[in-house]
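Here are my notes after going through the model with you in mind. Have the structure open as you read.

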Amino acid sequence: MGEKSSNPYDMDGSSFDADRYLQKLLKECSLKQIMDTEATIVRQTQTLHSDMQTLVYENYNKFISATDTIRRMKTDFKSMETEMNLLMANMNSITEFSERITDTLQETRSQLTRLSGKHQLLKKLQFLSSLPAKLKTLIEEENYQQAVQEYSHAQKVLQQYGQQPSFQGIQEDCIKILDELKERLKGEFRQTGKSAQSLTEIGELLLQLGERPSSLAKEMLECASKRLHEQIVVLQDQTDRDMIEFIDLGIEGFLKDLTLVISSYSDMFLTKHLEQEADDFEQTARIDLNAFVNRNVDEYLALVQDRAELEIGHGDSQIILRGLDRLHRRMTAMRTLCRAVDMSKSGIDIIVNAAQQLCQTHMRSLKDHFADSLSSVRLALVSSANTAPAGTAATSSSSQSGAAGGQGSASGHTTTPLRELISNLYISTIEKVKGLMQDLLIFLQPEWSFNLKGDPKGVQCIEGIRENLLVAFLRHFCTTVNGYGTVSSTAPPTLLLVLSKVCLEMDRAGVHALTSLVDELYNLDAERSGTLVHESELCTEMRDSAQLLLDSYVRLQGLHLSQMLRKSVETRDWLNCLEPRSVRAVMKRVVEEISAIEAVLGELYDSSVTQHGGSRTTASSDSSRKTHFSIAASKQSQFRSTWSTYTPQSQLDSSFVSNMQRLFSEKIEIFAPVEFSKVSIITGIIKICLKTLLECVRLRTFSRYGLQQIQVDAHYLQMNLWRFVSDENLIHVLLDEILGSAVLRCLEPILMEPNAVEIICERN
């Protein structure tokens with residue numbers, strides 16, 4: 001305050017310096033600002049002048065008004081003093097006259113008092129004499145409360161003078177009439193259809209008539225139970241009403257009657273001290289009341305829960321929860337009536353059950369949606385196979401015939417891109433889960449009177465939404481797609497490829513997106529929780545499913561091609577073969593099938609994803625697993641194999657050489673898990689095909705020309721399969737074993753000249 005008052009630029013301060021203030025304005029402000037400041041000061045000055053004038057005028061008027069008021073008061077007091085003197089004289093005169101009248105009427109007053117007392121006594125006698133008739137009239141009119149009141153007024157007199165002959169007859173008549181009234185009231189008390197209000201009124205009257213409280217209390221609870229059960233039966237028939245109307249009917253009917261019974265029972269038997277009962281009556285009555293409330297509340301809540309289960313999944317969840325919220329509010333308000341029963345807890349239990357029921361309904365919806373999505377994918381794949389281009393008709397038809405029972409090959413070009421199918425399946429599943437998870441947020445809206453997060457069962461319910469809906473569906477997802485990857489499955493290979501890619505997408509982003517969304521929406525901390533499933537566990541399951549499906553795809557495609565190779569070997573007479581002039585058609589078919597498979601895989605697995613690159617255009621001479629066959633071949637041309645370099649001398653110890661080769665070469669895992677790359681997948685298929693061909697060759701016996709045909713076929717495969725794999729020496733090793741086995745199984749092991757083999761293969 002001191003700094004403000006000493007400021008020379010503060011107009012409101014005592015130290016204001018006009019010259020300094022003006023100098024400051026001229027230095028710091030423009031002309032327009034100075035003019036605006038001047039206008040402001042002028043306006044404020046005018047306002048102050050106007051306020052001062054107003055204050056002066058108002059105070060002046062008040063002063064004049066006060067002066068006039070004082071002048072009028074002086075005048076009024078003078079006239080009032082005169083009136084007061086006159087009033088005092090009148091009061092003295094009145095007092096004198098009153099004393100004279102009192103002295104005159106003293107004897108008359110005593111007589112009037114005696115007469116008045118006799119009159120009151122006669123009225124009481126008249127009331128007692130007419131009491132039996134009046135009670136009968138009131139009972140006939142069903143005015144029971146008035147009849148009990150009339151008898152209560154005369155009860156003390158009758159008890160005191162009932163032994164006298166003049167009153168004995170009246171008392172006996174009244175007792176008979178009241179006994180009849182008791183029986184009538186008891187009959188109506190036990191009668192069905194009575195409201196809780198009527199039961200309470202009748203109970204009060206019976207207590208006033210001397211009925212034993214212990215028996216009346218039990219009978220009251222029994223009759224009230226019948227009445228409440230009737231309310232339950234009425235509610236069971238209200239199937240055409242929505243949840244809010246159903247709850248309102250229960251509140252206005254069942255809960256209102258229950259509240260009235262509890263309050264009336266407490267007033268009649270718990271808050272009053274009943275001398276005619278034992279000391280433990282209150283405790284017994286309270287136990288009976290608690291059992292009565294628990295039994296009826298449980299019956300009503302079971303009905304509400306059944307109705308909620310019928311509505312959940314079929315009706316509007318907002319309407320259902322609004323009705324349950326009204327029920328919870330009423331149950332919470334009733335908690336003060338019967339503290340031994342936690343009614344609000346019962347209301348929470350219904351809401352938790354409703355949330356669990358809705359969770360189960362959404363789970364079924366997710367399963368149905370996923371099943372429909374899978375059916376749509378399968379239908380799209382079948383439609384694409386049926387509408388394949390003419391150039392691939394032969395390939396597609398052979399694929400379908402070679403994979404009976406729906407195991408069609410994925411080698412045909414599809415009209416619906418696989419990426420589009422994968423994207424549709426992935427996005428529709430993710431969006432469906434997100435929508436249902438957000439739908440369950442309705443239970444956590446702040447407008448409700450209940451708070452699930454503040455109740456232990458509610459917390460378990462919220463965690464259950466994550467575990468029983470999201471986690472359970474993701475595991476159902478894995479279990480379902482794993483079923484397509486079993487040996488007994490009839491799923492087409494392309495479907496396995498699509499599902500494997502979807503599982504990879506779920507592992508890469510889908511699981512994280514869903515778990516993060518749920519944890520954020522429901523304020524859950526899965527990282528620190530010991531009961532919630534961690535995201536990494538779900539990702540591992542998704543990746544395992546993707547691996548299983550991809551391995552199954554490789555197995556199915558490999559078995560499909562192996563079946564063609566096996567039939568081609570088993571159905572041919574290798575001992576009576578002609579000299580080979582061309583590559584067998586099945587070998588060309590195998591190469592075409594593998595090329596088609598590569599085209600399908602190329603749509604899903606880009607070249608940049610693979611470790612070794614995409615399709616290769618030149619052969620590699622660097623390999624750590626080259627055998628003596630391939631080493632000899634590398635000294636020749638790029639595509640020349642060693643199978644044409646066999647001589648009779650080398651054939652003598654071919655068995656020894658073959659065994660030495662297996663000893664020092666790396667073991668080739670035929671059915672090893674493949675990587676998520678195009679090269680690894682095709683390599684796995686080729687390994688199965690060549691391994692099958694090797695085992696089939698080992699079971700046959702060959703002539704000279706049969707051996708040469710195997711030589712030509714093997715060279716053709718070597719010329720065409722090397723570009724599909726990352727390590728061409730794997731092809732070399734398997735083909736070397738095939739030719740070596742054919743040599744060992746040949747009766748006349750003479751190979752064809754290398755130049756002739758190359759000419760035949762290049763011509764084909």
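1. A quick definition before the rings: two rings of Phe, Tyr or Trp (its six-membered ring) count as a pair if their centres lie within 6.5 Å. On that basis, a search of the whole structure turns up 6 aromatic pairs. Do keep in mind that this is a predicted model.

2. Take phenylalanine 254 and tyrosine 300. Their ring centres are 4.8 Å apart and the planes sit at 15 degrees, so this pair is stacked. It links distant parts of the chain, with phenylalanine 254 in helix 9 and tyrosine 300 in helix 10 (residues 281–311), 46 residues apart. Phenylalanine 254 is buried, at 0% relative accessible area, and tyrosine 300 is buried too, at 1%.

3. Next come phenylalanine 370 and phenylalanine 477, with ring centres 4.5 Å apart and planes at 35 degrees, so the pair is tilted. Phenylalanine 370 belongs to helix 12 (residues 343–386) and phenylalanine 477 to helix 15, so this pair ties together parts 107 residues apart in sequence. Relative accessibility is 1% for phenylalanine 370, which counts as buried, and 0% for phenylalanine 477, also buried. Ring pairs join Phe370, Phe473 and Phe477 into a cluster.

4. The charged end of arginine 307 sits over the ring of phenylalanine 246, 4.8 Å from its centre. Lysine 24 lies over the face of tyrosine 9, with 4.4 Å to the ring centre.

5. How many salt bridges does a search of the whole structure find? The count is 18. In one of them, arginine 326 meets aspartate 248 at 2.8 Å, N to O. Arginine 326 is in helix 11 (residues 317–333) and aspartate 248 in helix 9 (residues 243–270), so the bridge ties together parts 78 residues apart in sequence. Arginine 326 is partly exposed at 34% relative accessible area, and aspartate 248 is partly exposed at 28%.

6. Arginine 466 lies in helix 15 (residues 456–484) and aspartate 519 in helix 16 (residues 493–521), so the pair ties together parts 53 residues apart in sequence.

7. Glutamate 579 and arginine 581 also form a salt bridge, at 3.1 Å, N to O. Here glutamate 579 is partly exposed at 36% relative accessibility, while arginine 581 is exposed at 52%. Elsewhere, Arg227, Glu230 and Asp257 are linked in a network of salt bridges.

8. Helix 25 (residues 754–763) has Pro754, Val757, Glu758, Ile760 and Cys761 as its buried residues. These cover an arc of only 165 degrees around the axis, which puts them on the same side of the helix. The face turned away from that buried side carries the exposed Ile759, Glu762 and Arg763. Helix 23 (704–721) is included in what covers the buried residues of helix 25.

9. Finally, confidence. The chain averages a pLDDT of 77, and 74% of the residues score at least 70.

Note on methods:
Residues numbered from 1 in each chain as written. Predicted model: local features only at pLDDT ≥ 70, side-chain atom pairs only at ≥ 80, totals over all residues. Heavy atoms only, no water. Salt bridge = Lys/Arg side-chain N within 4 Å of Asp/Glu carboxyl O. Helix = DSSP H or I, 4+ residues; strand = E, 2+ residues; numbered from the N terminus. Buried < 20%, exposed > 50% of the residue type's maximum accessible area, 1.4 Å probe, protein only. pLDDT = per-residue confidence, 0-100. Arc of directions from axis to C-beta. Contact = heavy atoms within 4.5 Å. Phe/Tyr/Trp six-rings, centres within 6.5 Å; stacked < 30°, edge-to-face > 60°. Lys NZ or Arg CZ within 6 Å of the ring centre and 35° of its normal.
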